Amino acid sequence: MRRLGIIMTWMFMSICVLLLVTLPVNLQTQLIAGATVLAIMMVLKTLNAGGIWRLIALAFGTAIVMRYVYWRTTSTLPPINQLENFIPGFLLYLAEMYSVMMLALSLFVVAMPLPHRPGRPTVKGKLPSVDVFIPTYNEDIELLANTMAAAKAMDYPADRMKVWILDDGGTVQKRNAEKIVEAHSAEKRFTDLKALCEALDVHYLTREKNAHAKAGNLNNGLEHSTGELIAVFDADHAPARDFLLETVGYFNEDEKLFLVQTPHFFLNPDPLERNLRTFEQMPSENEMFYGIIQRGLDKWNAAFFCGSAAVLRREALNVTGGFSGVSITEDCETAIALHSRGWNSVYLDKPLIAGLQPATFASFIGQRSRWAQGMMQILRFRFPLFNGGLSLPQRLCYLSSTLFWLFPFPRAIFLVAPLFYLFFGLEIFTASGGEFLAYTLIYMIVNLMMQNYLYGAFRWPWISELYEYVQTIHLLPAVISVMLNPRKPTFKVTAKDERIDRSRLSELAAPFFVIFFVLLIGVGVTIYRIYTEPYKADVTLVVGAWNLLNLIFAGCALGVVSERGDKRPSRRVKVSRRCEFRFGDKWVPGTIDDVSVNGIRVQLLGNLTDQLSIDMASDVRFKTSATGEMGDLPIQVRNIRKQAGETAVGCLFMPDDPTDHTLIADLIFANSSQWTKFQLDRRGNPGLIKGTIWFFGVAMFQTYRGFSYLARQITGRDKAGWERT
């Protein structure tokens, strides 16, 4: 009876909502109702109301969205007998309905995400054995050495953990390649990496052929290892000392648990963050996914494997024959396969690794193209909605994760739609200026407010739209390609540890300038049409404002593709660690002030500038986190700066022995709490109004910066001295 009562209550409420949404009202009443809902949502947001009040605010917003969808469907589509208007008008309608559908799925996933899980779950009895897999293909050996050293230094019994390098760059197939240069490079890599593994007590493993890319490499590791659990780290993802202690205990609590996934934290900014200089002040793009979305997925037992920074159960992988390799996103595909067989997953929202992400815009697009194509393959081969092994919430969660990558289609339509009216006079949206104000504008503001409610400090206003815009131009053909031939895409390793020696325009920048000029012409046409057709001024102003908003995004994108010169592959991280600095045979006490993957800055007491010189070879020694013993690390002085009562010395790491990387890893990666602190320091919600003003200001400056880069490239001026702003 109780269940029947709940069902009847939901049916009654649904009928009431449906009646309210379809209730015919005049334009003035609609405008007042919309403004009232906006005011209520603003008050609740200002009061920072959580819990049930958060759901109430989202419910009010949902009502406005549903009202808009009803009006848009019944009142705004062009007549079907006017094909020149109806076809582009219907495409625009489909793009809007896609956005509404994704909003609905987002509400389901993250309206009330799980709170942060506790770290260090209790481990009863004997600790499980763990095989640590570090798959690699063409990554620099110095980079690998730091990751290997960090993995070996994890706080876990040595007899219960083995670290494996799974090298797909030194396979027999590559060492016997027809091209002599490729074969020689693979042979040298095989020899050097194997020697490094021996020095660091890491197991080296390669295979005959590079079959099935990363999934095949991981499966080869499974065949040669025996650990109960498998920890996977990308070649540039170095774990903190407490990684295993924070994660393995969950497997003891649930025998059907196949995955504990942790977030990916990055030491360096992506191209948008670097070129717009937002890395220190604004949350990174991935924090919205790892900070909110994965916790929302976790609520429905749908948190999925992200390819690295995770621990998996071997027993579960054996059920599916190892890591899935049908798509080029083997991680998410493996998770779907195991979730559909009744296995469970856990997401631990604590950064326990630090890695590198693509530095150049071209590498960034290459990475996102692989993700988009892989998710489209999963949508094609393992369509989540009809996957009988998944629960309904899991189906919706995976549907949200895969359908998201269709965004290039609606984003492209939103970009060109106003131009259909401005350039060709097509009426693809049948509405007056007043109707647009009462329905569309309020819907857009409510949509932005709902996003602000859902993602808050994890995503600032308009940033998601900017990320989607800069990806759309190059992802659209990639997505179309995989739709036409779903088996065509191949796995391509993302370039890491890149350096941009001097400021320049990205090689992918040209389309962004073309689009900007087309939209700028649209602004001119808007002014012309208002002057020549004053009787259509209300509609022309609305469409012109839409085109102007697109122009603002296009201008900001010019700054994104204007690559700032920056030779450092990663940012310096603040630390405070006592050390000793060597002057000949004498050791002087000091403090390590900050650290990066390449070097450190040491603060020495007093004025020692007379005793130091650029390129001077020295050593710094400090106590290691693992043993508390002193370790000496070779360095080279790169810069000297006198401060009040101190001397700041910038030093470059000069490892001359593989074990030196153990000390480097201890300095940079041992302490996981520093990553959490860094993330929390840049999280803050500026609010919709302040965030919008900030974004438009950034867009104006980046438009100027993009054209200044273009002018320098056209004139051929020396780029070595390009501006530092």
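A: Helices (H or I, at least four residues) and strands (E, at least two) are DSSP runs, numbered from the N terminus. In this predicted model, Gly374 has its place in helix α15 (residues 361-381). Residues are numbered from 1 along each chain as its sequence is written, and side-chain values use heavy atoms, with hydrogens and water left out. Because the model is predicted, local features need pLDDT of at least 70 and side-chain atom pairs count only at pLDDT 80 or more, while totals for chains, interfaces and linings use all residues.

Q: What is the mean pLDDT of the protein chain?

A: The pLDDT is the predictor's confidence in each residue, from 0 to 100. For the protein chain the mean is 89, and 94% of its residues reach 70 or more. Over residues 718-725, however, the pLDDT is below 50, and this stretch has 20 contacts in the model beyond near neighbours in sequence (contact means heavy atoms within 4.5 Å).

Q: Is Gly374 buried or exposed, and which residues does Gly374 touch?

A: Buried means under 20% relative accessible area, exposed over 50%, and partly exposed in between (1.4 Å probe, protein chains only). Gly374 is buried, with a relative accessible area of 0%, and, not counting residues up to four places away in sequence, Gly374 touches Ser327, Ile328 and Thr329.

Q: Which residues of helix α23 are buried, and where do they lie when seen down the axis?

A: An α-helix has 3.6 residues a turn, so residues three or four places apart point the same way. In α23 (residues 673-681), the buried residues are Gln674, Trp675 and Gln679. Seen down the axis of α23, these buried residues fall within an arc of 135° (taken from the directions from the helix axis to the C-beta atoms), so they line one face of the helix. The face turned away from that buried side carries the exposed residues Lys677, Leu680 and Asp681, whereas the buried residues of α23 pack against α12 (285-299), β9 (353-354), β12 (573-583) and α22 (660-669).
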